[in-house]
Amino acid sequence: MTILSEDDRMYVDVGGFDIWNSLYSTVITHLAHMKNEIVLAISFFESGTCLPSNCIETARELNLIRDALSQIPPSEAVYDYKKPAKKAPWLNNISPIITSCGNLFTTADGKDLIFELNTVLCYCSINKISVVAQ
């Protein structure tokens with residue numbers, strides 16, 4: 001799965017859809033109390049798209065999500081909200097430098113996923129173009 005700018009100049013290789021879904025599942029499961037503060041970010045997770053007018057606010061909300069996820073141990077990540085008992089295949093192979101769900105989710109090449117998403121969102125805001133998923 002790839003999240004990219006409408007002009008194809010900036011992108012994030014998320015890897016498999018399971019990473020995206022796990023991040024989304026962890027957010028909606030553990031951060032339900034914040035749902036009114038992270039509306040655009042939830043919409044972004046659900047659709048994979050973001051309009052230019054919403055990019056900066058979505059990036060801000062992703063930062064709120066990362067801050068909140070940093071309080072949750074990686075062992076409590078939710079692999080799939082539709083099957084909450086299902087464990088992530090990487091659960092027993094987490095690097096010792098991972099300290100929370102805030103830094104658990106990475107791109108296909110090992111970069112911080114939320115940081116990389118925010119890079120694309122900010123680029124799209126500045127250039128007044130949408131973010132799309134492929």
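Q: Which word describes how H2 and H3 lie to each other, parallel or perpendicular?
A: Helices here are DSSP runs of H or I with at least four residues, strands are E runs of at least two, and both are numbered from the N terminus. The axes (lines fitted to C-alpha atoms over the stretch in contact, with angles from 0 to 180 degrees between N-to-C directions) of H2 (residues 39-47) and H3 (residues 55-69) come within 7 Å and cross at roughly 95°. Angles under 35 degrees count as roughly parallel, over 145 as roughly antiparallel, 65 to 115 as roughly perpendicular and the rest as oblique. H2 and H3 are therefore roughly perpendicular.

Q: What kind of model is this?
A: Residues are numbered from 1 along each chain as its sequence is written, and side-chain values use heavy atoms, leaving out hydrogens and water. Local features need pLDDT of at least 70, side-chain atom pairs count only at pLDDT 80 or more, and totals for chains, interfaces and linings use all residues, this being a predicted model.

Q: Is Ser22 buried or exposed?
A: Ser22 sits in helix H1 (residues 17-30). Leaving aside residues up to four places away in sequence, Ser22 touches (heavy atoms within 4.5 Å) Val78, Tyr79, Trp90 and Phe105. Under 20% relative accessible area is buried, over 50% exposed, and in between partly exposed (1.4 Å probe, protein chains only). Ser22 has 1%, so Ser22 is buried.

Q: What is the phi of Asp8?
A: Asp8 belongs to the loop between strand S1 (2-5) and strand S2 (11-13), and Asp8 counts as exposed at 54% relative accessibility. Asp8 is a residue other than glycine with a positive phi, near 65°.
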